[in-house]
Every structure is written in structure tokens, then in C-alpha cells.
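I opened the model to look up its pocket, a helix pair and a loop residue. My entries follow.

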Amino acid sequence: MLEAVTERRLTPRATEIAAEARALLEESGPDALTMRALADRLGIKAPSLYKHFPDKYAVEAELVAQMLTESAEAFEEAGRTDPGSLPALMAAYRTWALAHPHLYRLATERPLPRHALPEGLEDRTAAPLMRVCAGDQDLARAAWAFAHGMVILEIHGRFPDGADLDGAWRTGAEALRG
């Protein structure tokens with residue numbers, strides 16, 4: 001489903017460039033994603049990339065859009081599987097982020113490029129959480145902040161060996177459910 005969304009927004013060559021950028025990012029992390037490294041992987045000169053993306057920021061914005069699309073799909077599936085369950089939604093969040101740590105970091109450790117995202121994508125991504133939180137924006141923000149904090153600490157290896165992270169996630173979800 002992601003490819004269909006991407007193809008509607010990008011030319012076939014831009015789709016190929018974005019896929020290679022994603023592969024580079026997933027393999028080596030955000031710092032490795034440069035226009036020169038991307039061009040080298042594609043076997044072209046860096047200026048050729050600018051025919052398809054005006055700058056690195058535009059490539060990164062496309063990757064952020066992919067992250068939001070894929071995570072929205074994961075959250076929607078969690079909502080279908082276990083409707084109204086904050087723990088299920090948090091589990092989907094954690095699973096997706098840990099499976100794509102470099103993309104997650106790229107999308108969450110800097111300002112969100114809202115102006116460059118497909119219309120409605122941010123709302124779609126937030127909608128499952130808003131449903132679980134019965135429209136309470138403050139509760140939804142608190143739940144998201146908890147989930148993000150936990151997952152980013154896990155990605156960065158900040159918990160001690162042997163820490164019961166599953167238990168911490170359960171406790172956090174239960175506390176937020178009130």
C-alpha cells in the first residue's frame with residue numbers, strides 16, 4: 001500500500017531515489033544520508049538528484065511521509081485487532097519504531113516538515129490514538145510522549161541490561177488508561 005501512495009506523489013525515478021535513500025538510511029543511520037552518498041549508491045552524479053528532489057530536506061521529508069504512512073497502517077491494524085486498546089496501540093508503536101530505528105529517529109528527532117507532507121497524513125497517523133483516548137488531546141499527547149520517550153530510550157540503549165521493558169510499557173499504558 002505504501003508504494004501506491006508514494007507513486008501518486010513521486011515520479012518513478014524519484015520513487016527509486018527515495019527507495020535508495022531509505023535503504024541507505026536504514027543501513028547506516030541519519031548522518032550517512034547525504035546527497036553525495038545517495039548519488040554514489042545510484043551510480044549517478046549528485047547534481048542529477050536535484051532534478052527529482054530540490055535538496056536533501058525534500059528527500060528527508062519523503063522518508064518522514066513514508067514513516068507516517070507505515071506507522072498509521074500499523075496503528076490502524078492494532079485498532080482493528082484490539083479496538084479501544086491503548087496497550088495494543090502502544091505495542092504497535094514500539095514494534096514499528098524498533099523495526100525501523102533510523103527512520104524513526106529521522107522522523108522524530110527534528111521538527112516535522114508539515115508543509116511537505118501529504119494533506120491529512122499527520123491526522124491519519126494520530127487518529128487511532130485519538131480514538132483510543134476518546135478525543136482527549138491532553139491524554140493522547142501524554143500517551144504519545146510516554147511511548148516516544150520509552151522507544152527512543154530503547155533505541156539509544158539507555159536502559160540497563162535485564163530491565164523489564166515489557167513491564168514498564170504495561171505499567172505506563174495502565175497508568176495512562178487511568
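For residue classes I count Ala, Val, Leu, Ile, Met, Phe, Trp, Tyr, Cys and Pro as nonpolar, Asp, Glu, Lys and Arg as charged, and the others, Gly among them, as polar. The model is predicted: local features need pLDDT of at least 70, side-chain atom pairs count only at pLDDT 80 or more, and totals for chains, interfaces and linings use all residues. Numbering runs from 1 along each chain as its sequence is written, and side-chain values use heavy atoms, without hydrogens and water.

**Pocket.** I took a pocket as an open set of points on a 1 Å grid over the protein atoms alone, where a 1.4 Å probe fits, with protein on both sides within 12 Å along at least five of seven lines; lining residues have an atom within 4 Å of a point. The largest pocket holds about 840 Å³, the space filled by probe spheres set on the points. I found 31 lining residues, with Glu 122, Thr 125, Ala 126, Leu 129 and Trp 144 closest to the centre. By class, the lining has 21 nonpolar, five polar and five charged residues.

**Helix pair.** I read helices as DSSP runs (H or I, at least four residues), numbered from the N terminus. The H5 and H6 axes, lines fitted to C-alpha atoms over the stretch in contact, come within 9 Å and cross at roughly 145°. In contact (heavy atoms within 4.5 Å) I noted, among others, Met 67 and Phe 75 from H5, and Tyr 93 and Trp 96 from H6. The contact residues are nine nonpolar, one polar and one charged.

**Loop.** Ala 134 sits between H8 and H9. Its phi is positive, about 50°, though it is not a glycine.

Key:
Axes are lines fitted to C-alpha atoms, for helices over the stretch in contact, and angles run from 0 to 180 degrees between N-to-C directions. Helices (H or I, at least four residues) and strands (E, at least two) are DSSP runs, numbered from the N terminus.
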